[in-house]
Amino acid sequence: MKTLNTLFKPYPNLVKSRYYQRAISIQNKLSNGEDYQHIGGERLVLAKGLIRFKLGAYRLIFKREKIGYIPENLLQRKNLERFLKRR
């Protein structure tokens with residue numbers, strides 16, 4: 001299972017220091033049962049089970065599972081379309 005720490009690992013420390021706390025906050029709110037739309041997430045049209053959150057120039061993707069939401073990927077905004085086409 002992927003964690004937020006492993007998703008942020010390949011990125012520079014500047015990215016982690018800037019967006020990691022926001023990502024933790026999003027994950028905690030999702031695990032507490034808050035609606036993803038109230039947090040600022042949007043369901044992806046091309047992949048129905050994925051939820052996208054904006055983190056500056058990056059996009060944090062969560063996957064909807066029976067047990068809840070799990071972090072799927074962190075990628076740059078420009079690479080989102082390529083990520084969706086590979087799925």
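Q: Buried means under 20% relative accessible area, exposed over 50%, and partly exposed in between (1.4 Å probe, protein chains only). What is the relative accessible area of Glu72?
A: This is a predicted model: local features need pLDDT of at least 70, side-chain atom pairs count only at pLDDT 80 or more, and totals for chains, interfaces and linings use all residues. Residues are numbered from 1 along each chain as its sequence is written, and side-chain values use heavy atoms, with hydrogens and water left out. Glu72 counts as buried, because its relative accessible area is 13%.

Q: Which side chain meets Glu72 in a salt bridge?
A: A salt bridge needs a side-chain nitrogen of Lys or Arg within 4 Å of a carboxyl oxygen of Asp or Glu. The structure holds four of them. For Glu72, the N to O distance is 4.0 Å, and the partner is Lys2.

Q: How many residues apart in sequence are Lys2 and Glu72?
A: Helices (H or I, at least four residues) and strands (E, at least two) are DSSP runs numbered from the N terminus. Lys2 is partly exposed, at a relative accessible area of 40%. Lys2 sits in the segment before helix 1 and Glu72 in strand 4, so their pair ties together parts whose separation in residues is 70.

Q: What is the order of the strands in the open sheet?
A: Two strands pair if DSSP finds at least two bridges between them. The open sheet has four strands with antiparallel pairing, in the order 1-2-3-4.

Q: Which strands stand at the edges of the sheet?
A: The four strands of the open sheet follow the order 1-2-3-4. An edge strand has a single partner strand, so one side of it is left without a neighbour in the sheet; this holds for strand 1 (42-43) and strand 4 (68-76).

Q: Which residue in strand 2 is the bridge partner of Arg43?
A: Strand 1 and strand 2 (residues 50-55) run antiparallel and are joined by two bridges. In strand 2, Arg43 has as its bridge partner Ile51.

Q: How far apart are the closest N and O atoms of Arg52 and Glu42?
A: Arg52 in strand 2 and Glu42 in strand 1 are 10 residues apart, and their pair links distant parts of the chain. Arg52 counts as buried, because its relative accessibility is 13%. Glu42 counts as partly exposed, because its value is 40%. The two form a salt bridge, and the closest N and O atoms are apart by 2.7 Å.

Q: With which residue does Lys63 form a salt bridge?
A: Lys63 counts as partly exposed at 27% relative accessibility. The closest N and O atoms of the salt bridge are 3.8 Å apart, and the partner is Glu65.

Q: What is the angle between the planes of Phe8 and Tyr20?
A: Rings of Phe, Tyr and Trp (its six-membered ring) pair if their centres lie within 6.5 Å; planes under 30 degrees apart count as stacked, over 60 as edge-to-face and the rest as tilted. The structure holds five aromatic pairs. Phe8 and Tyr20 form one of them, edge-to-face, at 5.3 Å centre to centre and with a plane angle of 85°.

Q: Which helix holds Tyr20?
A: Phe8 is buried, and Tyr20 is buried too. Their pair links distant parts of the chain, 12 residues apart: Phe8 lies in helix 1 (residues 4-8), and Tyr20 in helix 2 (residues 13-31).

Q: At what distance from the ring centre of Tyr20 does Lys16 lie?
A: A charge sits over a ring if NZ of Lys or CZ of Arg is within 6 Å of the ring centre and within 35 degrees of the ring normal. Lys16 lies over the face of Tyr20, and its distance from the ring centre is 5.1 Å.

Q: Which residues have the most contacts inside the largest nonpolar core?
A: A nonpolar core joins buried Ala, Val, Leu, Ile, Met, Phe, Trp, Tyr and Cys residues through side-chain atoms within 4.5 Å. The largest one has 27 residues, and those with the most contacts inside it are Phe8, Phe53, Leu55, Leu60 and Leu74.

Q: Which element gives the largest share of this core?
A: The elements that give two or more residues to the core include helix 3 (36-39), strand 2 and helix 4 (80-86). The largest share is six residues, and it comes from helix 2.

Q: Which residues does Asn73 touch, not counting residues up to four places away in sequence?
A: Asn73 lies in strand 4. Asn73 is buried, with a relative accessible area of 18%. Contact means heavy atoms within 4.5 Å. Leaving out residues up to four places away in sequence, Asn73 touches Leu7, Arg59, Leu60, Ile61 and Phe83.
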